[in-house]
Amino acid sequence: MMSVAEALEQLLAAAHPLGKTEEIDTFDARGRVLGASLTARLDVPVADNSQMDGYAVRIADLAGASADRPVTLPISQRIPAGHVGSPLASASVARIFTGALLPEGADAVVMQEQASIEEAREGTRDAASTRVAFKAQPARGEWVRRRGEDITNGQVILEAGTRLGPQHLGLAASIGSARLSVMRRPRIAIFSTGDELAMPGEVAIEDLKPGALYNSNRYTLRALIEALGCEVVDLGIVPDTLAATREALVRAAADSDCIVTSGGVSVGEEDHIRPAVAAVGRIDMWQLAIKPGKPFAFGAVGDALFVGLPGNPVSGFVTFLVLVRPLLLRLQGLRDTAPAAFEMRADFEWPRPDKRQEYLRARINSAGGLDLFAHQGSAVLTSTVWADGLVENPPGRRIAAGDTVRFMPFSSLLS
């Protein structure tokens, strides 16, 4: 059986970025992949401005200021954000607010908490009658945001291939980008096989036939694909016949970039996926040294890539995260497809490892170590909800409490 590392290398080699872009509103770009690098056409900030509510000053006017001998100066103007003040009059200060442009001549801002108001006439607050006492001389540039200190004109602020989160959209908006060029979403066709499958809402619990079960994989698979920023083409449940499976594959390949199926990839007489793909396309990979998830298939039907996931729900979930997730990210143009992984302490025993690479469902405990779900079976879907992620255990490795293991959190694997 092929190793997980070899399989992943083969999958990524076959997953060529689609290379097709579209322009969309920046408001709608969360989760999309940037199709062209974004270059600033202005400085951010566009001019020196105040970081604080306070007073714009010339530091020379506050020479010698101390707690014992404060320097008192009049307020000559008031500058709210969005307004442009006049040049700062000699031996005066400007009342200034966060984000307001620094007036010409000022070289520092003193925050209002470090100054005290002295009113010349009782009961008045107008600029002409108000003076401010300062107990220290500020440093040059104190509490001033300098022009271009965040972004400079001509700077590439976002590289093509960046997955756009809320912070990226804010950065794009800060340079005036109302629309962005993004990669087209890959179209992923999915279908399940199995005459035993029933859909929630279509068959009541009391009406389930003997041996029937609800199709949880269809829900999990759709959500996984959509979470990665792809478009789902859902072909539903396909009858357990070779002819129906072949027809579904041909229909899916005509309108998708990749086909992902659930079930029917093992060696039983009712497992029709593998022979159907071989008849209308090709199988490049089948059976991996992975637990759970050995009956994993990969190939192509026409121009569409094909992935056949095991029918057991945990097997399908794990193989999707480990193998299909990187493939779909690469189709979108992302270069770094590896999930975050951390070295953590095992607070459990695993004395009987498998000869295949294992993915164990584990949870972070209050002591900062990892606990293991008690039942690691490939059909125990509750383990995926209980766990915080997967422990990647190499073939044949026993784990003792206190050992360091490689942990991949779901927060990374599901994004």
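The following exercises, each with a worked solution, concern a predicted model of a single structure.

**Exercise 1. Overall form**

Determine how the radius of gyration of the chain stands against that of a compact globule of 415 residues.

Solution. Begin with the inventory: the chain contains 8 helices and 26 strands. The box filled by the C-alpha atoms along the principal axes is roughly 95 × 50 × 45 Å. Finally, consider burial and contacts. Of the 415 residues, 47% are buried. Among contacts between residues at least 6 apart in sequence, 70% join residues at least 24 apart.

**Exercise 2. The buried side of helix H5**

Identify the buried residues of helix H5 and explain why they lie on the same side of H5.

Solution. First, list the buried residues of helix H5, which spans residues 273-280: they are Ile 273, Ala 276 and Val 277. Second, examine their directions: they cover an arc of only 100 degrees around the axis, and therefore they are on the same side of H5. Third, find the partners. The buried residues of H5 pack against helix H4 (242-253) and against strands E13 (187-193), E17 (258-262), E18 (282-286), E20 (297-301) and E21 (304-309).

**Exercise 3. The nonpolar cores**

State which element supplies the largest share of the largest nonpolar core.

Solution. The largest nonpolar core has 43 residues. Those with the most contacts inside this core are Ile 225, Cys 258, Val 260, Phe 296, Phe 320, Leu 327 and Leu 328. Several elements each supply at least two residues of this core, among them helix H1 (4-14), helix H3 (216-227) and helix H6 (313-331). The largest share, 12 residues, comes from H6. Take Leu 327 as an example: leaving aside residues up to four places away in sequence, Leu 327 touches Leu 11, Leu 12, Ala 15, Cys 258, Phe 298 and Leu 305. A second, separate core of 19 residues includes Phe 191, Ala 297, Ala 304 and Phe 306.

**Exercise 4. Rings and charges**

Classify the aromatic pair formed by Phe 317 and Phe 410, and locate the charged end of Arg 274.

Solution. The chain has 3 aromatic pairs. For the pair of Phe 317 and Phe 410, the centres are 5.6 Å apart and the planes are at 75 degrees. Planes over 60 degrees apart count as edge-to-face, and the pair is accordingly edge-to-face. Phe 317 belongs to helix H6 and Phe 410 to helix H8, 93 residues apart, and the pair links distant parts of the chain. Both Phe 317 and Phe 410 are buried. Turning to charges, the charged end of Arg 274 sits over the ring of Trp 286, 3.8 Å from its centre. Arg 95 lies over the face of Tyr 55, at 5.2 Å from the ring centre.

Terms used
Residues numbered from 1 in each chain as written. Predicted model: local features only at pLDDT ≥ 70, side-chain atom pairs only at ≥ 80, totals over all residues. Heavy atoms only, no water. Buried < 20%, exposed > 50% of the residue type's maximum accessible area, 1.4 Å probe, protein only. Helix = DSSP H or I, 4+ residues; strand = E, 2+ residues; numbered from the N terminus. Arc of directions from axis to C-beta. Contact = heavy atoms within 4.5 Å. Core = buried A, V, L, I, M, F, W, Y, C linked by side-chain atoms within 4.5 Å. Phe/Tyr/Trp six-rings, centres within 6.5 Å; stacked < 30°, edge-to-face > 60°. Lys NZ or Arg CZ within 6 Å of the ring centre and 35° of its normal. Rg over C-alpha atoms; globule rule 2.2 N^0.38 Å.
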